[in-house]
Amino acid sequence: MTNKFSRLSALSGRWLLSRILRFDLMLLAIVMCLITIGFITLFSAGYSFPWRIEDQIRNLIVAAGAMFATSLIPVKWIRRVALPCFAVGCLLLLATAVAGITVKGATRWLNVGIRIQPSEIMKLAVPMMLAWYYWKRSESLAWWDHVVAFGLLLIPAIFIMRQPDLGTAILVSIAGLSVIFFAGVSIKVVIACVCLALLSLPLCWTLLHDYQRERILTLLDPTLDPLGKGFHILQALIAIGSGGFTGKGWMEGTQAHLDFIPERTSDFIFAVFGEEFGFVGAVLLLVMYLALVARSFFIAAWAPSRFSRLLAGAIGVIFFTYTFVNIGMVSGILPVVGVPLPFMSYGGTALLILGISTGILLSISAESKD
């Protein structure tokens, strides 16, 4: 019995080592660098909130554990749980609509022993579901399959918009639409949809909540309400601009440490980074995010199955969208929405989803080398 256990342990150890060696180490290195930079920046931004730093350490440990555990799961197992994850996510969204926790007029959280935000789960569950659907239909794919896929995407998007959480609804929609695009939708259909979306903008404007319209108007001219709706953008721009070429130095950012930057540990952490590390640091950070997205697409290109390719491509789009929207809103080129900067912003559920997404990419990269 002891000999059998020893042989089993030796085989497990060799399998684990072999799988780790097949991981895309460049992807892993980029993510580790971003996490390190993020924690250094968050430590500076939140030194007056020590509990947030402690919480982030816990969040990082949980996310790293989830990433490592997911990376060891065979892709075929991930494919099998795509449908259950989507179904559970939709049920959680329904439960949130019925018995969710309302904060500042938005019902986005659900208490299941701990407080969770089901819409964050759908950022990954939706592309997983659509990738599974296209994999299932790969032998007899027809034009109406794209309509079905769009319908599947529309269900959680509507739930999330009603919370209301337009930012997350847009992110979930982009993640799902990327899968539909990568699945082979005609470019003519894409152009037609873009034109239709542009024509529907006046109607969309009438459907927006008052605070959403105010955010868009504030984007066009933050000085309309410098101490109210425009305060976030103006203070972020002042912080980034005051950083100059090389920055003021770590822990030396005055805008952050004098409490001028709202939400400086979460949505506006890039403003803190820009002030302390300047133009040079911001460019290097953008290069790292570009490398993260490029590496995700590289893994997608070499993925061994249709499901893997579609899912890896969607995760690359998720990384890009998070980064573009967050830095865009902090820089004043996009409206302010609650979107974290990947691997840098304070947060639990979002960081966990990003960790699982990275783990999926590592699993796909390992199997592409088999």
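Predicted model: local features only at pLDDT ≥ 70, side-chain atom pairs only at ≥ 80, totals over all residues.
Q: Which residues lie nearest the centre of the second largest pocket?
A: The second largest pocket has a volume of about 250 Å³, and its lining is made up of 16 residues. The elements that give two or more residues to this lining are helix 4 (75-80), helix 5 (82-99), helix 6 (118-136) and helix 16 (349-368). Nearest the centre of the pocket lie Val-81, Cys-85, Leu-124, Met-128 and Ile-356.

Q: How many charged residues does the lining of the second largest pocket have?
A: Sorted by class, the lining of the second largest pocket has 14 nonpolar residues and two polar ones. The number of charged residues in that lining is none.

Q: Is helix 6 roughly parallel or roughly antiparallel to helix 15?
A: The axes of helix 6 and helix 15 (residues 306-330) come within 8 Å and cross at roughly 150°. Because angles over 145 degrees count as roughly antiparallel, the relation of helix 6 to helix 15 is roughly antiparallel.

Q: How many charged residues does the contact of helix 6 with helix 15 have?
A: On the side of helix 6 the contact includes Glu-120, Lys-123, Leu-124 and Met-128, and on the side of helix 15 it includes Arg-306, Phe-307 and Tyr-322. By class, this contact of helix 6 with helix 15 has 14 nonpolar and no polar residues, and its charged residues number three.

Q: Is the crossing of helix 15 and helix 16 left-handed or right-handed?
A: Helix 15 and helix 16 pack with their axes 10 Å apart and at an angle of about 140°, which means that helix 15 is oblique to helix 16. Where helix 15 passes helix 16, the crossing is left-handed.

Q: Which residues of helix 16 meet helix 15?
A: From helix 15, the residues in this contact are Ser-308, Leu-311, Ala-312, Ile-315 and Phe-319. By class, the contact of helix 15 with helix 16 has eight nonpolar, three polar and no charged residues. The residues of helix 16 that meet helix 15 are Leu-354, Ser-357, Thr-358, Ile-360, Leu-361 and Ile-364.

Q: Which residues of helix 14 make the contact with helix 12?
A: The axes of helix 12 (residues 231-242) and helix 14 (residues 269-301) come within 6 Å and cross at roughly 25°, so helix 12 is roughly parallel to helix 14. Their crossing is left-handed, and helix 12 contributes Ala-236, Ala-239, Ile-240 and Ser-242 to the contact. By class, the contact of helix 12 with helix 14 has five nonpolar, two polar and one charged residues. From helix 14, the contact is made by Phe-270, Ala-271, Gly-274 and Glu-275.

Terms used:
Residues numbered from 1 in each chain as written. Heavy atoms only, no water. 1 Å grid on protein atoms, 1.4 Å probe; cavity = no way out; pocket = protein on both sides within 12 Å on 5 of 7 lines; lining within 4 Å. Points joined across faces, edges and corners; volume = space filled by probe spheres on them. Helix = DSSP H or I, 4+ residues; strand = E, 2+ residues; numbered from the N terminus. Nonpolar A, V, L, I, M, F, W, Y, C, P; charged D, E, K, R; others polar. Axes fitted to C-alpha atoms, helices over the stretch in contact; angles between N-to-C directions. Parallel < 35°, antiparallel > 145°, perpendicular 65-115°, else oblique. Contact = heavy atoms within 4.5 Å. Left-handed = near helix turned anticlockwise from the far one by under 90°.
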